[in-house]
Amino acid sequence: MAKIPPRGTPLTKTAPAPTIAPAAAGHPVRQLLAASVGNAVEWFDWYAYTFLAAYIADQVFPRSSGNSLVPLLSTFAVFAVGFFMRPVGGLLMGAVADRHGRRAALTVTILLMGGSSLLVGLTPTYAAAGILAPVVLVLARLLQGLSVGGEFAASTTFLVESAGPGRRGLFSSFQYVSTSIGQLAASGIAALLVGGLAEGQMNGWGWRVPFVIGALLGLVGFWIRRSAHETRSAEQQQGERPGLFDALRHHPRESLLICGITAGGTLAYYTWTSYLPTYAELNTDIDKAEALLAGTLSLAFFTLLQPLGGLLSDRFGRKPSLLFFGVGFAVLSVPLLRAVDGSFLSLLLVSCAGMLLLTGFTSISAAVNAEVFPARVRAAGIGFPYSLTVAVFGGTAPYVGTLLKDLDRPGLFPWYVAVLCLVSSAVYLRLPESAHKELER
């Protein structure tokens, strides 16, 4: 006869409590704030360069007597060079996030961005320093590219891993909410400076102001991120650390998939959110201040759309949202860009129409990317192929558009956008639906 245990003794041995990711201890709002504030600061600095490209061109590069577009082309070339550091940043900072934690990587990226922003603000003019001026600018942009590439890898992973059940799309949308807030601030400050300062003041010192502000905001972002909760699970922290190239070596198909998902989206994004005011200036007689104002208003509209897009994808899936974006841009890019006729209203309407379509991609980009890779190599797995694709197609968008104008072929640029979005749409059609699958922790 079996011996009866004393009262209060459990009849069976209890299993140990399941280990939960440290993110579970973090308040959702605090997690969102930690990722979003730092991300907004990162992108404020990055986009200030785009909006003030014309002024930077006049001060940092020598002007050719034969072609007035040469300094602007040089400025956009430096913009593209910064993008080509992003894959390096995505790989290195993604590895830091996978090996040492998401919060550690986010801390490094915000400090890098603040320092490089200050360097842009202190760049000497070509008249004062000669060839040293563009050299300093290139160095600053390389550091910014390193930081931004690492930021996307770490913050994408951090945001999606912080989400509760059925809320990955919503949390994902704050990647571009914060990006847009940073861009909106950069655009708004640029518009205020252009509208409030004389041309000589803008060329002399006004264009430097946003970069000094960005450096100060970097310190604020650093302070806020110190209170974030780590989202890497205890199993990952205790397990073997992944190698630098483990994601590429063991998940080549997933890496290529990230490239296909991103190609059309990044080209459309940088065309509509960064290059469109300059495109309007180059191809019509629209006033520079009006072009910046139209861009600022459409960005505010875009920011408000992001959480709605994330919520809809949590309810109905990722594929419908992605196809709404991809097919929409493939069909409408050419007529929309041709509709820009030099008036403020036409530019504003074209901007807002593109932003609506773009939301199908931007609001869920972070979630889609995170759902492709396993947790162990998620940050580095996302960071490198995503940033490489952005460098090839997104970072070169202003340069390609300006170059086609210089070659007297501006009508080819809208077709370039449409074709690449069509290619990405073919990838979306074959993408397995992942909205309702549990995320590996």
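Me: Among contacts between residues at least 6 apart in sequence, what share joins residues at least 24 apart?
Reply: Happy to start there, with the note that this is a predicted model. Contacts in the chain between residues at least 6 apart in sequence are the ones counted here. Of these, the share that joins residues at least 24 apart is 88%.

Me: How many helices and strands does the chain have, and what percentage of its residues count as buried?
Reply: The chain has zero strands and 20 helices. It holds 441 residues, and the part of them that counts as buried is 57%.

Me: Are H1 and H8 parallel or oblique to each other?
Reply: Let's take the geometry step by step. Helix H1 covers residues 28-51 and helix H8 covers residues 168-196, and they pack with their axes 7 Å apart at an angle of about 40 degrees. Angles under 35 degrees would count as roughly parallel and 65 to 115 as roughly perpendicular. The two helices are therefore oblique.

Me: Is the crossing of H1 and H8 left-handed or right-handed, and how many charged residues does the contact have?
Reply: The crossing of these two helices, H1 and H8, is right-handed.

Me: Which residues of helix H2 are buried?
Reply: H2 runs over residues 53-60 and is mostly covered, with six of its eight residues buried. Those buried residues are Ala-53, Tyr-55, Ile-56, Ala-57, Gln-59 and Val-60.

Me: What span is expected for helix H20?
Reply: H20 takes in residues 412-430, which is 19 residues. From its first C-alpha to its last it reaches 29 Å.

Me: Which helices are included in what covers the buried residues of H20?
Reply: Among the buried residues of H20 are Phe-413, Val-417, Leu-420, Ser-425 and Tyr-428. Their cover includes H13 (252-283), H15, H16 (344-362), H18 (378-394) and H19 (397-406).

Me: Is Leu-323 buried or partly exposed?
Reply: Leu-323 is found in helix H15, which spans residues 318-338. Buried would mean under 20% relative accessible area. Leu-323 has 22% relative accessibility, so it counts as partly exposed.

Me: Which residues is Leu-323 in contact with, leaving aside neighbours within four places in sequence?
Reply: Leu-323 and Gly-360 are 37 residues apart along the chain, and their C-alpha atoms are separated by 7.6 Å. Two residues that are buried in H20, Ser-425 and Tyr-428, are among the contacts of Leu-323. With neighbours within four places set aside, the list for Leu-323 is Gly-328, Ser-425, Tyr-428 and Leu-429.

Notes: Residues numbered from 1 in each chain as written. Predicted model: local features only at pLDDT ≥ 70, side-chain atom pairs only at ≥ 80, totals over all residues. Heavy atoms only, no water. Axes fitted to C-alpha atoms, helices over the stretch in contact; angles between N-to-C directions. Helix = DSSP H or I, 4+ residues; strand = E, 2+ residues; numbered from the N terminus. Parallel < 35°, antiparallel > 145°, perpendicular 65-115°, else oblique. Left-handed = near helix turned anticlockwise from the far one by under 90°. Buried < 20%, exposed > 50% of the residue type's maximum accessible area, 1.4 Å probe, protein only. Contact = heavy atoms within 4.5 Å. Expected span 1.5 Å × (residues − 1).
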